[in-house]
Amino acid sequence: MGGIVGEFFFEFGMTLSFAILISLVVSLTTTPMMCRFLITDREQRRQGRILETAERAFDRARNFYDRTLVWALANPGFIMLILAVTIVLNGVLFVIVPKGFFPNEDTGELFGVIQADQSISFQSMEKKFTQFVKTIAKDPAVQNVTGFTGAGGGGPRGGAVNSGQVFVQLVPENQRSVSTDQVITRLRNSLATLEGARLFLQGAQDIRTGGRQSNAQYQYTLQADTLDELTEWLPKITAALQDVPELDDVNSDQQAAGLEEELT
């Protein structure tokens with residue numbers, strides 16, 4: 001299998017294949033030789049208490065299996081009914097059970113990226129950053145929050161003046177009644193009232209994929225033959241994705257609208 005799925009499950013597939021191969025070799029060579037020495041006439045020697053207890057448990061299990069098998073063969077219609085109900089329930093569960101490649105973990109940690117107007121000054125960005133930090137700190141599920149702006153190169157836009165990063169530590173899970181995702185939803189509603197910038201939060205995960213940090217859990221790379229085409233179509237695609245009700249925090253990391261002055 002290709003892609004991320006193949007990378008993650010290649011080792012598992014190889015391990016399982018070699019385990020079956022080794023089991024095949026052992027069953028055809030070592031097992032018959034072991035039976036030659038281990039299978040003896042049990043009547044010639046007295047069994048210990050542990051072996052006798054195990055034998056009685058095995059006999060009870062075998063007798064129970066024998067009775068249920070006889071009853072099942074005598075009532076084929078009822079068994080087929082159970083089979084049909086099982087198939088239907090599996091189909092229902094397949095639809096209603098949440099599915100995903102990596103389930104979201106509740107690690108008690110959040111990180112987020114602040115994105116402001118590309119022409120903002122550092123002084124204004126500092127004020128916006130302070131507003132976001134204070135709003136996050138008011139949430140009852142938040143233990144502490146830290147961050148920085150206008151420095152560092154670890155974010156999706158490096159050390160741009162109009163960006164910042166925040167790191168949120170939640171209270172222990174046994175002291176809060178909401179999950180990490182619920183905290184993010186609650187903070188998203190509170191942070192939406194702050195104008196001039198946006199904060200994109202997501203829960204920290206022990207297992208992550210992707211080549212770089214981004215503002216959301218899923219990344220989509222758009223390529224074009226020319227920069228002009230990319231500049232034209234990127235806002236259109238971003239706007240179209242923002243209209244999809246299943247998606248939140250749709251954004252773009254393109255920085256092409258900042259103010260610029262050339263001095264000779």
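Predicted model: local features only at pLDDT ≥ 70, side-chain atom pairs only at ≥ 80, totals over all residues.
Four strands form it, in the order β2-β3-β1-β4. The sheet is open, and the pairing is antiparallel. Its edge strands are β2 (142-149) and β4, and each of these pairs on one side only. From one strand to the next, the twist averages 20 degrees.

Now look at β1, residues 109-116. Seven bridges join β1 to β4, and the two run antiparallel. Gln115 has its bridge partner in β4: Arg198.

Helix α5 (residues 122-137) touches β1, β2, β3 (163-170) and β4. The direction of α5 makes about 170 degrees with that of β2. Helix α6 touches β1, β3 and β4. The direction of α6 makes about 175 degrees with that of β4.

Next, turn to the helix pair α1 (residues 3-28) and α2 (residues 30-38). Their axes come within 3 Å and cross at roughly 40 degrees. On the α1 side, Val25, Val26, Ser27 and Leu28 make the contact; they meet Thr30, Thr31 and Pro32 in α2. Four residues of this contact are nonpolar, three are polar and none is charged.

The lining has 33 residues, and Ala216, Tyr218, Asp249, Val250 and Asn251 lie nearest the centre. α6 (180-191), β4 (197-203) and α7 (227-242) each supply at least two lining residues. α7 gives the most, with five. By class, the lining has 13 nonpolar, 13 polar and seven charged residues.

How values were computed: Residues numbered from 1 in each chain as written. Heavy atoms only, no water. 1 Å grid on protein atoms, 1.4 Å probe; cavity = no way out; pocket = protein on both sides within 12 Å on 5 of 7 lines; lining within 4 Å. Nonpolar A, V, L, I, M, F, W, Y, C, P; charged D, E, K, R; others polar. Axes fitted to C-alpha atoms, helices over the stretch in contact; angles between N-to-C directions. Contact = heavy atoms within 4.5 Å. Pairing = 2+ DSSP bridges.
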